[in-house]
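User: Could you walk me through the packing in this one, and then what sits around the ligand?

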Amino acid sequence: MSADAVVIGCGVIGLSTAIRLRESGLDARIVTAELPANTTSAVAAAIWYPYKAYPQEDVLRWGARTFEVFEGLAANHGTGVRMREGVELGRERAGEPWWAGAVSGVRRCAEDELPAGYRDGHAFVVPVVEMPVYLRYLVDRFTAAGGEIEERVVGRPDELAGEARVLVNCAGLGAKGLLGDDSLRPIRGQVVRVRNPGLDRFSLDEDDPEGVTYVVPRSEDCILGGTADEGAWHTEPDAVAAAGILRRCTALEPRLAGAEVLEHRVGLRPGRPEVRLEREADAVLPRVHNYGHGGSGVTLSWGCAEEALRLVREALGP
Ligand SMILES: Cc1cc2nc3c(=O)[nH]c(=O)nc-3n(C[C@H](O)[C@H](O)[C@H](O)COP(=O)(O)OP(=O)(O)OC[C@H]3O[C@@H](n4cnc5c(N)ncnc54)[C@H](O)[C@@H]3O)c2cc1C
């Protein structure tokens, strides 16, 4: 029997979208090449923080809505979402972050809060999402709503015609091969996972000349980053990059010195000049696209999922 919608992809975007569809009463299922633990989403740090996603105005709107949903989820321990304070650091004096409108209580750091070498910083409280826990929570929520997940590589979108009335494309970087979208490019991100030596606050320096640098504490471990290599496809961790990450993060947070290294990971962010969130009506099988979230897929997930739901309803008609 044909479903209302089939969602391609089981990362944070596919799962959030599929949950919104099912919980609004639509019959939606997921088809995915990889299960959540093997997606880019599983590698994310993941702070609520708009990074390498465009256009800015939409990112702010989707991000603000996602922030609200995460604040609600943070009240439930089992979700993996937690509100944490952190600092964004700068080597030069700068104005408020451009996204400050979505976050209440952004404040300029006092000078004695800044690590050596920094001239500016802003402190704020945002959701930090422990992705392995959160992705399991999303899968459980989707299946509790009656959703099914099928492991299958989709070669062409129209091969799903007859299986559903609308296709919802949440394939991330996979949309490049699926649709021939040449504007999609990987932004390779490498991280080091270490045992948490007792840190609570995250720190981040987007403009470190040696590469984006961040320390994100979670319940048991810390994610240390990172890299943002545009156009790089290799997913093997690089030893030199890992050493650089450990050195820069320890300079930012000296309590990391000697922390036990647990894992090295790489994820390919789906970089695109603009997030593609739109309806394509003239295909054999009507499509709603929701991909290309760059370094902000977690930050934009619920805002984009709600807009995708509206587009799917439009595609299904009265
Ligand atoms: C190191 C790192 C740190 C990050 N930190 C943050 C952060 O702090 N905050 C933040 O908001 N974001 C962060 N991100 C970005 C975030 O991880 C991505 O934007 C997000 O994961 C994209 O989600 P997605 O669901 O679109 O893609 P993915 O997680 O890649 O999922 C795509 C899904 O589509 C499936 N698929 C693809 N092609 C096909 C096909 N042909 N057939 C069937 N299935 C297919 C895949 O198997 C997969 O299930 C980070 C990323 C990295 C790498």
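User: What does Val168 touch, leaving out residues up to four places away in sequence?

Analyst: Val168 touches Ala5, Val6, Val7, Thr17, Val288, Asn290, Ala308 and Val312, where contact means that the C-beta atoms, placed from the backbone, lie within 7 Å. The model is a predicted one, in which local features need pLDDT of at least 70, side-chain atom pairs count only at pLDDT 80 or more, and totals for chains, interfaces and linings use all residues. Residues are numbered from 1 along each chain as its sequence is written.

User: Why does Val168 count as buried?

Analyst: Because Val168 has 30 C-beta neighbours inside 10 Å; buried requires 20 or more other C-beta atoms within 10 Å, exposed 12 or fewer, and partly exposed lies in between. Val168 belongs to strand β7, residues 164-169.

User: Which residues touch the most other members of the largest nonpolar core?

Analyst: Val168 and Val312 do, in a core of 84 residues, a nonpolar core being a set of buried Ala, Val, Leu, Ile, Met, Phe, Trp, Tyr and Cys residues joined through C-beta atoms within 7 Å. Helix α6, residues 297-316, gives the most to this core, with 10 residues; helices (H or I, at least four residues) and strands (E, at least two) are DSSP runs, numbered from the N terminus.

User: Switching to the ligand, which residues are closest?

Analyst: Gly11, Gly172, Gly174, Gly267 and Gly297 are the closest of the 43 residues that surround the ligand, counted when the C-beta atom, placed from the backbone, lies within 6 Å. Among the elements that each supply at least two residues of this shell are α1 (12-23), β8 (185-195) and α6.

Conventions: Contact = placed C-beta atoms within 7 Å.
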